[in-house]
Amino acid sequence: MIEQKATVIRRDAHQVWVEAERQSTCGQCQARKGCGTGLLAKHIGQRFSRIAVKTNKNLKIGQNVVVSIPEQALLSGAFMMYLVPLLMLFASATLARMANSGELVEIIAGLSGLLAGFFLVKKRLKNKNTGVQVKTTEDL
């Protein structure tokens, strides 16, 4: 499980919205002084991520919690978000090329496939139980 401290910012019927500060591993790296990523993170400052988590717990706005994400859910989500749209882009552009329809149609078909891939992933992940859990200090 990957765990991150977060704060409850909004509550709906069966879910809570939490906000967590994005963590960088740049502080642990030995090349931090000459690394562009570390310098960029220093100039951008603190960044926050907001996510919705389904829960039946009685959490209050402003309450500190720990969000737990299973590694398998993170890996499968990353696979779907990156690979499925790209595969749809290449497949639709290849089909347009095999139909000898011209370069402009190939480009449009590729972009349409990419957008269709994003739509499919969004639809699939929206209805999927990812196993993300919210724990309070009493649960730990």
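Predicted model: local features only at pLDDT ≥ 70, side-chain atom pairs only at ≥ 80, totals over all residues.
E106 is buried, at 18% relative accessibility. That value falls under the 20% cut-off for burial.

E106 has a charged partner. R97 forms a salt bridge with E106, and their closest N and O atoms are 3.5 Å apart. R97 itself is exposed, with a relative accessible area of 56%.

Helix α2 covers residues 71–98, and helix α3 covers residues 103–126. The two pack at an angle of about 150°, and their axes lie 7 Å apart. Because of that angle, α2 is roughly antiparallel to α3; the label applies to angles over 145 degrees. The crossing of α2 past α3 is right-handed. What classes of residue make up the contact of α2 with α3? There are 17 nonpolar residues, four polar ones and three charged ones.

Next, the salt bridges. How many does the structure hold? It holds three. Side chains of opposite charge can pair when their charged atoms come close. The R97 and E106 pair has been described above. A further one links E19 with R50, where the closest N and O atoms are 2.8 Å apart. E19 sits in strand β2 (residues 15–21), while R50 sits in strand β3 (residues 48–54). The pair therefore ties together parts that are 31 residues apart in sequence. R50 is exposed, at 58% relative accessible area.

R10 and D12 form another salt bridge. Here the closest N and O atoms are 3.9 Å apart. The cut-off is 4 Å, so the pair counts. Are these residues buried or partly exposed? R10 has 43% relative accessibility and counts as partly exposed. D12, at 31%, also counts as partly exposed.

The largest nonpolar core has 10 residues in all. Its members are A6, V8, V16, V18, A20, V53, L59, V65, V67 and V134. Which elements give two or more residues to this core? They are β1 (2–11), β2 and β4 (64–69). The largest share, three residues, comes from β2.

Terms used. Residues numbered from 1 in each chain as written. Heavy atoms only, no water. Axes fitted to C-alpha atoms, helices over the stretch in contact; angles between N-to-C directions. Helix = DSSP H or I, 4+ residues; strand = E, 2+ residues; numbered from the N terminus. Parallel < 35°, antiparallel > 145°, perpendicular 65-115°, else oblique. Left-handed = near helix turned anticlockwise from the far one by under 90°. Nonpolar A, V, L, I, M, F, W, Y, C, P; charged D, E, K, R; others polar. Salt bridge = Lys/Arg side-chain N within 4 Å of Asp/Glu carboxyl O. Buried < 20%, exposed > 50% of the residue type's maximum accessible area, 1.4 Å probe, protein only. Core = buried A, V, L, I, M, F, W, Y, C linked by side-chain atoms within 4.5 Å.
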